[in-house]
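Morning, everyone. I have one structure to go through today, so let me put it on the screen.

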Amino acid sequence: MMLDVSLRHRLGAFTLDVQFRAPSGVTVLFGRSGSGKTSIVNAVAGLLIPDEGRIVSDERVLLDTAAGVRVKPHRRRLGYIFQEGRLFPHLTVRQNLGYGAWFAPKGAARADLAQVVDLLGLGALLERRPAALSGGEKQRVAIGRALLAAPQLILADEPLAALDEARKAEILPYFERLRDSVSVPILYVSHSASEVARLATTVVAIEAGRVMAQGPAAEVLGNPAVLPTGAREAGAVLLARVVAHHADGLSELSAGGIPLLLPRVAAHPGASLRIRVAAHDVILARTRPEGLSALNILSGIIHEIRPGGGPGAIVAIDTAAGRVLSRVTRRSAAALGLAVGQEVHAVVKAVAVATTDIGAA
Amino acid sequence: MTDWLSPAEWDAVRLSLRVALWATLINLPVGIALAYALARGRFPGRGLLNVAVHLPLIMPPVVTGYLLLLGFGARGPIGGFFESSLGLSFAFRWTGAALAAGVMALPFMVRAVRLSIEAVDPRLEQAAATLGASRLWVFLTVTFPLIIPGILAGTVLTFAKGMGEFGATITFVSNIPGQTQTIPLAIDLLLETPGGEGRAARLAALSIALAASALALSEWLSRRVAARVGGQ
Amino acid sequence: MFSEPYQNPEFGVSHSHPLHIATACALGLAVLIPGAAHAETITVFAAASLTTALAEIETGFEAASGHDLVIALAGSSALARQIQQGAPADVFLSASPDWMDVLQADGLIEPDARFDLLGNRLVLVAHGDAAPVEIGPDLDLMARLGDGRLAMALVESVPAGVYGKAALQSLGLWEAVAPQVAQADNVRAALAFVATGEAPLGIVYATDATADARVTIVGTFPENSHPPIVYPVADLANRDTAAEAEFLAYLRGPQARAAFERQGFAVLAH
């Protein structure tokens, strides 16, 4: 299942001009606030009609301005999860959940209510009304409602932006479960690098209305040239498998054969995880350091050094565990004589990796 | 109890209730449709429509009555059409009184419902559309339940106005006991007759009691609806 | 034409210029005669059937006297009620003696400032061109009406309606026609029903029928079928100014008489 999007639209300060594909899994539109991401999703939903464009969902043409095709939002077979939830205040949670199901065409593959309630932990909330729910609970219901509409495409516009950190941490796993249990493409808008790192199968980086890069998450996030939300948010994603949990509260993982030690992760041995390693938490050394407190040392070859506007530079290193990004000062890069092709050691403190940066793979 | 008012006066009460009821029943769909068009519609002439709806509020009731006479009387273009194709006549009949009451009360219904519709977050309507609801279904399942308080307010105002309408009624359908002599017209007649003040006062008291009951009922209904939406 | 006082070196000196003397005299007289140069507003409550005639009289009187007339027109019954409740009217022109008697009994009029001003006839009118009828006990009013309505003013309170009902009763026609009567708030409103064609027939004053070209008089009620139609006028007791007396005098004068007779009224006062 595939979503093809191509559109051009005047948006006040700049012109939106994008073209990308979203396969199964979560495709994140990643960019700063105001870069046009919400407009793109609204165009896919039919809530915004672009000046020019063509949108095809799984071989159904939803929009083709050249051919004069414009399918109305209610016929696009979508499920849209909004930032503010937008639950219907006069209906119970159960009725909200069932709303989309009522309008789905007869032959559509329907999700099972019990399954969705289970997936999102909504059992206790079914007879309540939205006014009696917390922010996090509302978003979970919003996810369930979108799912139960038997959509061919799920849209999510910064669904976690209105929640505090604790709620975000609570809800993010539900999106991971969503990604892992449905086969329809999920188009997800976000400006948070850690959300992207955890959820994205595919990343489409957007800046000022243009696509800067698109591709598998690890690739795009590991590309030092692509920093839509700035250098501070740079960080690559590693795929690791849980090996064992140690008695002293650490877990041992293996990423491409390289051992990683992290504070205890909430996963069973054998589970696959994504680990986001923030670039500013990575120290580089020309020789393998000894006597350091840091537990994780990944050796690799420098792929690219990209100076930034200020005193910093991002170094991209290819290791057996995957691409790692490190943010250093240009002075240090020069002092160490870093150059492309060199062997270098990346040091990562175990405790530097936040639990929010660890997600199901 | 029955000799508290004379038979003619009880006739006036029954007629008033009938007139007010029908004025309200017809104004509900018309008023809701107009309110929706004015609140959510984007079409040329919308401003003009808004002015037209408010005319009965601004024009002297006698003028409105006279215009109704010209348009809906037996010789009027619309009145003639209704009579020949639907067998429905307004001139000098209670139907005309109901029409006059309805027209005079329409601005109240439209205003109340329109304010309610504008208070409904359009983003909720958008959300409903993305879940598969066509514009009509969005209205029926999302907008309408949320505007019920406004509809109730408009209904009470329409009913009260229908019970109290005078100028347009007497100018359009005159004062005919049993057909068009509603409570206000009966009271007017009694006031203009020497010695009729006592009976006029009794009729007025009854009219106030009826309007107050309608208001109380609508307040109670409003509270119940608000409780449902509020999360009880 | 006039000498330029500012340029005349002799201005301000006691020079007996004829114009100055004339002006001084006029001003002196004006101060001495109360209200003569002071424009007053007179509020007149008058029966609706006098609308057209009074419009003409208003212009004439205001031009001649310099006073301002405010004329309120409605059914005599409504106006009398308002006066009873203290409405600030100066003169009352009623379409029947009954309502004037009510006010006199309440002490609201100047008793020696009341006189019968006008007379009128009661007519049957029809919409547009219509054949005349003989108004008598044999009149087949029901046939002429068909299932249409007979437009009249309120038959219990407005004089035109009261006279009309009395006339029909004395001719033995009331019982049959009563269910088909459409009562209007005042005689002009009843006229409007016939003028627009909504009611085929109506009973109004002869003067109303002349006022509207869309109706035709098809018959005149015999004078003995109803109490005499007399329009009394009175100066109300709430104020007593020379202007009011002036207006009452004007109503008896030649210009007013001509205006009333043009509308078809019979002028009783001289």
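I'll start with helix 9 of chain B. Its buried residues are B:Ile183, B:Pro184, B:Leu185, B:Ala186, B:Ile187, B:Asp188, B:Leu189, B:Leu190 and B:Glu192. That helix runs over residues 183-192 and is mostly covered, with 9 of its 10 residues buried. Keep in mind that this is a predicted model.

Staying in chain B, look at B:Gly71, which lies in helix 3, residues 61-72. Leaving aside residues up to four places away in sequence, B:Gly71 touches B:Gly76, B:Pro77, B:Ile78 and B:Gly79. As for B:Thr155, 84 residues from B:Gly71 along the chain, the two C-alpha atoms are separated by 26 Å.

Next, the contacts between chains. Where chain B meets chain A, 17 residues of chain B and 20 residues of chain A take part. On the chain B side, the elements giving two or more residues are helix 6 (122-130), helix 7 (135-164) and helix 10 (197-230). Helix 6 of chain B gives the most, with 6 residues. Sorted by class, this side of chain B has 9 nonpolar, 6 polar and 2 charged residues.

Chain B also touches chain C, where 17 residues of chain B are in contact with 18 residues of chain C. On the chain C side, at least two residues each come from helix 3 (76-84), strand 7 (181-184) and helix 8 (187-195). The classes there are 7 nonpolar, 6 polar and 5 charged.

Last, a sheet in chain A. What is the order of its 5 strands? It reads 14-13-12-15-21, an open sheet with antiparallel pairing. Strand 14 (258-263) and strand 21 (358-360) of chain A are at the edges; each has a single partner strand, so one side of each has no neighbour in the sheet. On average, neighbouring strands of this sheet are turned by 40° against each other, ignoring direction.

At the strand 21 end, the pairing partner in chain A is strand 15, residues 272-278, and the two are joined in the antiparallel sense over 3 bridges. Within that pair, A:Leu273 stands opposite A:Ala360 of strand 21. As background, strands of a sheet pair through backbone hydrogen bonds, either parallel or antiparallel.

That's all I have.

Definitions and conventions. Residues numbered from 1 in each chain as written. Chains lettered and ligands numbered in written order. Predicted model: local features only at pLDDT ≥ 70, side-chain atom pairs only at ≥ 80, totals over all residues. Pairing = 2+ DSSP bridges. Helix = DSSP H or I, 4+ residues; strand = E, 2+ residues; numbered from the N terminus. Axes fitted to C-alpha atoms, helices over the stretch in contact; angles between N-to-C directions. Buried ≥ 20, exposed ≤ 12 C-beta atoms within 10 Å, placed from the backbone. Contact = placed C-beta atoms within 7 Å. Nonpolar A, V, L, I, M, F, W, Y, C, P; charged D, E, K, R; others polar.
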